[in-house]
Amino acid sequence: MSPDACPLTGSAEQIRTFTAAQTAVRAFCHAHGYDPEELGTASARRAADALTAILVELEDRGAVAASLAACTLIGSSGMLLTQGAIVDHLGEQAWFTDLVDNTVVAEIISCGMVTGWASGIVARSTAADGRQVAYGWEVRAGAFLPLTEAQTFAAYATDSTTGEQDPPPHNLEFGDAFELDLPHPA
């Protein structure tokens with residue numbers, strides 16, 4: 001995973017999401033006297049490390065595929081940056097099928113880390129027998145805090161625009177998220 005890579009190509013939606021995340025981080029940094037390049041790179045590396053730790057743990061738990069979704073609520077604006085990434089084959093050299101998605105997911109998490117805005121990650125694993133389990137983490141002050149089964153369900157099944165509960169996909173279970181083995185944030 002390369003959090004430093006700037007996507008040169010991708011869908012219009014990917015590029016818009018990536019640009020919005022970068023703009024939010026840069027605006028916050030400038031407003032508070034931080035160097036956006038320095039702070040953004042460190043947080044993007046930590047976000048990429050967290051994504052890697054999640055995928056490694058899912059693979060250790062028997063997952064053969066996974067999808068990750070990250071979101072950050074932009075201040076009190078009600079705007080939500082979201083992006084998903086799919087991993088077709090865990091255990092292979094190149095996890096992500098789309099490097100742009102990987103970079104955007106890390107950037108969105110980084111945006112929340114830098115600004116302190118509400119952020120989170122949901123990982124959905126698929127086992128060889130087709131069993132699917134979703135896990136969630138809240139991102140706060142550079143820490144990735146595991147959510148309980150009930151908290152993950154609430155995060156996964158709530159419509160971000162209406163706040164109403166949607167039924168989760170059929171045959172999807174929810175689990176207590178696991179601690180991520182990451183160095184303490186600086």
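1. The largest nonpolar core has 39 residues, and Ile54, Leu58, Ile109, Ile121, Trp137, Phe144 and Leu180 touch the most other members. A core here is a set of buried Ala, Val, Leu, Ile, Met, Phe, Trp, Tyr and Cys residues joined through side-chain atoms within 4.5 Å, where buried means under 20% relative accessible area, exposed over 50% and partly exposed in between (1.4 Å probe, protein chains only). At least two residues of this core come from each of helix H1 (12-32), helix H2 (36-60), S1, S2, helix H3 (99-115), S3 and S4. H3 gives the most, with eight residues.

2. A word on the basis of all this: the model is predicted, local features need pLDDT of at least 70, side-chain atom pairs count only at pLDDT 80 or more, and totals for chains, interfaces and linings use all residues. Residues are numbered from 1 along each chain as its sequence is written, and side-chain values use heavy atoms, with hydrogens and water left out.

3. Phe144 is worth a look on screen. Apart from neighbours within four places in sequence, its contacts (heavy atoms within 4.5 Å) include Arg46, Ala50, Met113, Trp137 and Leu182.

4. There are three aromatic pairs in the structure. In one of them, the rings of Trp137 and Phe178 have centres 5.1 Å apart and planes at 70 degrees, so the pair is edge-to-face. Trp137 is in strand S4 and Phe178 in the segment after S6, so the pair ties together parts 41 residues apart in sequence. Rings of Phe, Tyr and Trp (its six-membered ring) pair if their centres lie within 6.5 Å, with planes under 30 degrees apart counted as stacked, over 60 as edge-to-face and the rest as tilted. Trp137 and Phe178 are both buried, and together with Tyr135 they form one aromatic cluster.

5. Which strand gives the most to the lining of the largest pocket? S1 does, with six residues. In total 30 residues line this pocket, and Cys71, Leu80, Gly120, Val122 and Ala155 lie nearest its centre. A pocket is an open set of points on a 1 Å grid over the protein atoms alone, where a 1.4 Å probe fits, with protein on both sides within 12 Å along at least five of seven lines; lining residues have an atom within 4 Å of a point.

6. Finally, two loop residues. Ala141, between strand S4 (132-140) and strand S5 (143-146), has a positive phi near 50 degrees. Asn171 has a positive phi of about 70 degrees.

Note on methods. Helix = DSSP H or I, 4+ residues; strand = E, 2+ residues; numbered from the N terminus.
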